[in-house]
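Here is a short tour of a protein model, written to be read alongside the coordinates. Have a look at the structure, and then let's walk through how its parts come together.

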Amino acid sequence: MFCDEALDSVEAIAAGETTAEGRVADHLATCPNCAAALVAARQLERVLQRRGAPAPPPQFTARTLARVRRARWRSDQFVDVGFNAAIVVLVVAVFGGVWMLLNRTGLVAVSSDAVDLLGTGLVSLVRRVAPSLPLYAGAAALLASALAVWWWAERDVTL
Ligand SMILES: [Zn+2]
């Protein structure tokens, strides 16, 4: 168990990024396996330092950045298309739901016969609309969720 901890820091110690301290130093002094691992890591470090880092090809940074930018743009496009498709589906669903509601509750007939209905009063309108109040609530909830998704996506984009 403690060998794992010591071996995790062996590379950093060999590279000089950290020094062996406390429990790790005690363990490296007493455990032949971890001590051998440290010796091997130091040898590898020395070999790597002797070789030196190869120089990057010309325009490496510019080309890499251009590639990163292109990949990011592509993923942005993908997200945009998906978001727009989701919005279109939501809008169609909301309008379809509202249209179905109007058809079902006879509100279309109500609006066209509004002048006639004014005579008989609001009572009949309320009587016709009241049973479908849950449907109105559902449509309002659908609209609210669409707005919530829109708000969430906009907030995500501006971050
Ligand atoms: Zn050990």
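This is a predicted model: local features need pLDDT of at least 70, side-chain atom pairs count only at pLDDT 80 or more; totals for chains, interfaces and linings use all residues.

Setting aside neighbours within four places in sequence, Val-24 is in contact with Glu-5, Ala-6 and Ser-9.

## How α1 meets α3

Helix α1 spans residues 2–15 and helix α3 spans residues 32–51. They pack with their axes 9 Å apart, at an angle of about 25 degrees. Angles under 35 degrees count as roughly parallel, and α1 and α3 are therefore roughly parallel to each other. The crossing of α1 past α3 is right-handed.

Which residues make the contact? From α1 come Cys-3, Ala-6, Leu-7, Val-10, Glu-11, Ile-13, Ala-14 and Ala-15. The α3 side provides Asn-33, Cys-34, Ala-37, Leu-38, Ala-41, Arg-42 and Glu-45. Sorted by class, the contact of α1 with α3 has 11 nonpolar, 1 polar and 3 charged residues.

## The wider fold

Buried residues make up 4% of the 159 residues in the protein.

Among contacts with a separation of 6 or more, 63% join residues 24 or more positions apart.

Key:
Residues are numbered from 1 along each chain as its sequence is written. Axes are lines fitted to C-alpha atoms, for helices over the stretch in contact, and angles run from 0 to 180 degrees between N-to-C directions. Helices (H or I, at least four residues) and strands (E, at least two) are DSSP runs, numbered from the N terminus. Angles under 35 degrees count as roughly parallel, over 145 as roughly antiparallel, 65 to 115 as roughly perpendicular and the rest as oblique. A crossing is left-handed if the near helix is turned anticlockwise from the far one by less than a right angle, and right-handed if clockwise. Two residues are in contact if their C-beta atoms, placed from the backbone, lie within 7 Å. Ala, Val, Leu, Ile, Met, Phe, Trp, Tyr, Cys and Pro count as nonpolar, Asp, Glu, Lys and Arg as charged, and the others, Gly among them, as polar. A residue is buried if 20 or more other C-beta atoms lie within 10 Å of its own, exposed if 12 or fewer, and partly exposed in between; C-beta atoms are placed from the backbone.
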